[in-house]
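These are my notebook entries on one structure. I record what I looked up, topic by topic.

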Amino acid sequence: MAIQFPSDGDAWISEYGELLNDNDDYDNASEGWGDGFNGDFLFVVEPDDAYDGEEVYFFLGLVNGECTDAYEVEDPEEEDYGFVFRGPYSNWVRLFEGELGPVDGMMSGEFEIEGDMQKVLQYSEAAVEMTETGRDIDTDFEY
């Protein structure tokens with residue numbers, strides 16, 4: 001059964017975390033990620049012309065190929081993360097439908113990233129694997 005995005009965000013991000021942990025390619029590509037630095041991510045889905053709701057926040061705890069936590073966040077100020085990946089709802093849809101890649105989205109400005117860019121570029125294969133994994137979620141994009 002499809003998970004609605006973004007309204008059923010906690011179920012969606014939980015599924016994402018489980019799929020990341022089952023993905024050997026992600027595990028291999030992200031070996032060393034989060035060792036000696038905070039590799040946790042906050043994903044921010046911003047309103048746009050298609051989606052006029054509130055911002056939605058997702059937390060992914062990521063260390064050395066393992067997703068240690070995955071949940072929807074009410075108040076991002078209460079979380080400890082090393083990276084933020086943000087963009088408008090429509091770009092998230094394009095990302096997870098395969099029309100936009102994560103690195104291309106960052107370089108073109110369709111997504112903004114906060115955190116150590118050197119680390120992000122060093123682990124660009126892991127970012128691609130993360131995105132591919134997200135595409136495996138049976139998602140019903142509501143808008």
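Is Thr131 buried or exposed? I find Thr131 buried, at 5% relative accessibility; buried means under 20% relative accessible area, exposed over 50%, and partly exposed in between (1.4 Å probe, protein chains only).

I note the basis of these entries: this is a predicted model, in which local features need pLDDT of at least 70 and side-chain atom pairs count only at pLDDT 80 or more, while totals for chains, interfaces and linings use all residues. Residues are numbered from 1 along each chain as its sequence is written, and side-chain values use heavy atoms, with hydrogens and water left out.

I located Thr131 in helix α6; helices (H or I, at least four residues) and strands (E, at least two) are DSSP runs, numbered from the N terminus. I then listed what Thr131 touches, not counting residues up to four places away in sequence: Tyr16, Leu95, Phe96 and Pro102. Contact here means heavy atoms within 4.5 Å. Leu95 and Phe96 are among the buried residues of α3, together with Tyr89, Asn91, Trp92 and Val93. Helix α3 (residues 89-96) is largely enclosed by the rest of the structure because six of its eight residues are buried. After α3 I noted Gly98, with a positive phi near 90°.

Entry on strand β5. I looked up its burial and its neighbours. Five of the six residues of β5 are buried, so the strand is largely enclosed by the rest of the structure. With β2 it pairs in the parallel sense over six bridges; two strands pair if DSSP finds at least two bridges between them. Glu46 has Pro88 in β5 as its bridge partner. Strands β5 and β6 run antiparallel and are joined by three bridges. Opposite Val84 stands Glu114 in β6.

Entry on aromatic pairs. I count 26 aromatic pairs, where rings of Phe, Tyr and Trp (its six-membered ring) pair if their centres lie within 6.5 Å; planes under 30 degrees apart count as stacked, over 60 as edge-to-face and the rest as tilted. One of them is Trp33 with Tyr123, edge-to-face, at 5.2 Å centre to centre and 80° between the planes. This pair links distant parts of the chain, 90 residues apart: Trp33 is in the loop between α2 (24-29) and β2 (41-46), and Tyr123 in the loop between α5 and α6 (124-134). I find Trp33 buried at 6% relative accessibility and Tyr123 buried at 12%.

I next examined Phe85 and Phe111, whose pair is stacked because the ring centres are 4.6 Å apart and the planes at 15°. Phe85 lies in strand β5 (residues 83-88) and Phe111 in the loop between α4 (102-107) and β6 (112-114), so the pair ties together parts 26 residues apart in sequence. Phe85 is buried at 7% relative accessibility, and Phe111 is buried at 2%.

Entry on Gly53. I placed Gly53 in the loop between β2 and β3 (56-63) and found this residue partly exposed, at 27% relative accessibility. Its C-alpha atom is separated by 9.5 Å from that of Pro6, 47 residues apart along the chain.

Entry on Met117. I placed Met117 in helix α5 (residues 117-122) and recorded a relative accessible area of 31%, partly exposed.
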